[in-house]
Amino acid sequence: MKKSIFKEKMTKGITDMGLEFTNIPVDRLWVYTNLLISENKKYNLTAIVDYEEIINKHFLDSLGFFQLGSFRNEDYVIDVGTGPGFPGMVIKIFFPQISLVLLDANKKKVRFLQLLIEHLQVDNVEVIHGRAEDLADKSSYRERFDFVFSRAVAPLNILAEYTLPFARVKGQVQLYKGPDCQQEIEEGAGAVMTLGGIINNVKKIKIPSLTGERYIINIEKRKKTPVKYPRRAGIPKKRPL
Ligand code: SAM
């Protein structure tokens, strides 16, 4: 795809989503796309490697958060299980003032993110290789974040234990979900409460260029997560709350 077509499709996609940005950072997104495609040929980063699909399924989908909220410049944000940077890195490119932590358990993806940061020259991004269950036990990360994001990592009853411990009291957890969202909520609402959160709302995200339903579950952290959570790495998945 030519860069001019890429720019047109990104711009139209954003407009069709009803979003307004004073500046669409096309150059950085273009670098991101090409690096993702070229590195993906060397090792598996994502199943989505076509330009059009990267625009719709990675970039526009990641921007869904802006249909329900925004940041203050000083906000501290973490993306849990970010893979090659979705949604966290896309959000950071559009809102560079935030301080961002990108966390993933997969070393290759973490290496890609480090390379991406060098190419994009973005500030205030920390990339961490590790598991959510281990990092959330460290006092410098536990209950520190204004926003916790996560997409395509686990069902809500497991994901709640990966994400809620990172949110400060009154902070927010934003979980990107597909069509099974309602059932996940039925099975996971109890886990959210146990971990100190409450589901504030579930927003259907409007992305006209994508088929399939997309939702963001918005959770508010009401009180501290009990110290026994998260349990040891692997236990939340083996024995969901
Ligand atoms: N969020 C990205 C996206 O939407 O494209 C990546 C999704 S990928 C299907 C799931 C990612 O979550 C993988 O990169 C995996 O390594 C990471 N992951 C799964 N469990 C994790 C955990 N407990 N702690 C940290 N990362 C985890």
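What follows is a walk through the ligand site of this predicted model and a few backbone features. Residues are numbered from 1 along each chain as its sequence is written, and side-chain values use heavy atoms, with hydrogens and water left out. Since the model is predicted, local features need pLDDT of at least 70 and side-chain atom pairs count only at pLDDT 80 or more, while totals for chains, interfaces and linings use all residues.

A polar side-chain atom of Asp104 lies 2.6 Å from a ligand oxygen, and a backbone N or O atom of Phe86 is 2.8 Å from a ligand nitrogen. For Arg131, a polar side-chain atom lies 3.4 Å from a nitrogen atom of the ligand. Taken alone the ligand exposes 600 Å², and the protein buries 80% of that (areas come from the Shrake-Rupley method with a 1.4 Å probe; for residues, only the protein chains shown count as cover).

The UniProt record, an unreviewed entry, puts a "binding site" annotation on Gly81, Phe86, Ala132, Glu133 and Arg151. Gly81, Phe86, Ala132, Glu133 and Arg151 are also included in the lining of the largest pocket. Positions from UniProt are given in the numbering used here, with feature names shortened, and annotations may be inferred rather than shown by experiment. A pocket is an open set of points on a 1 Å grid over the protein atoms alone, where a 1.4 Å probe fits, with protein on both sides within 12 Å along at least five of seven lines; lining residues have an atom within 4 Å of a point.

Take Phe86, one of the annotated residues. Phe86 lies in the loop between strand S1 (76-80) and helix H4 (88-94), where helices (H or I, at least four residues) and strands (E, at least two) are DSSP runs numbered from the N terminus. Phe86 counts as buried because its relative accessibility is 3%; buried means under 20% relative accessible area, exposed over 50%, and partly exposed in between, with a 1.4 Å probe and protein chains only. Leaving out residues up to four places away in sequence, Phe86 touches Tyr32, Leu36, His58, Phe59, Ser62, Asp79 and Arg151 (contact means heavy atoms within 4.5 Å). A cis peptide bond, with omega about 5°, joins Phe86 to Pro87.

Glu133 is found in helix H6 (residues 132-135) and, at a relative accessible area of 3%, is buried. The side chain of Glu133 makes a polar contact with that of Arg131 at 3.0 Å. Such a contact is a pair of N or O atoms within 3.5 Å; within protein, one must be able to donate a hydrogen and the other to accept it, and residues adjacent in sequence count only if both atoms are side-chain atoms. Among the residues that Glu133 touches is Pro230, which is joined to Tyr229 by a cis peptide bond with omega about -5°. Pro230 lies in the loop between strand S7 (214-221) and helix H9 (235-238).

Most residues other than glycine have a negative phi, and most peptide bonds are trans. Ala152, in the loop between strand S4 (145-151) and helix H7 (156-163), has a positive phi of about 55°.
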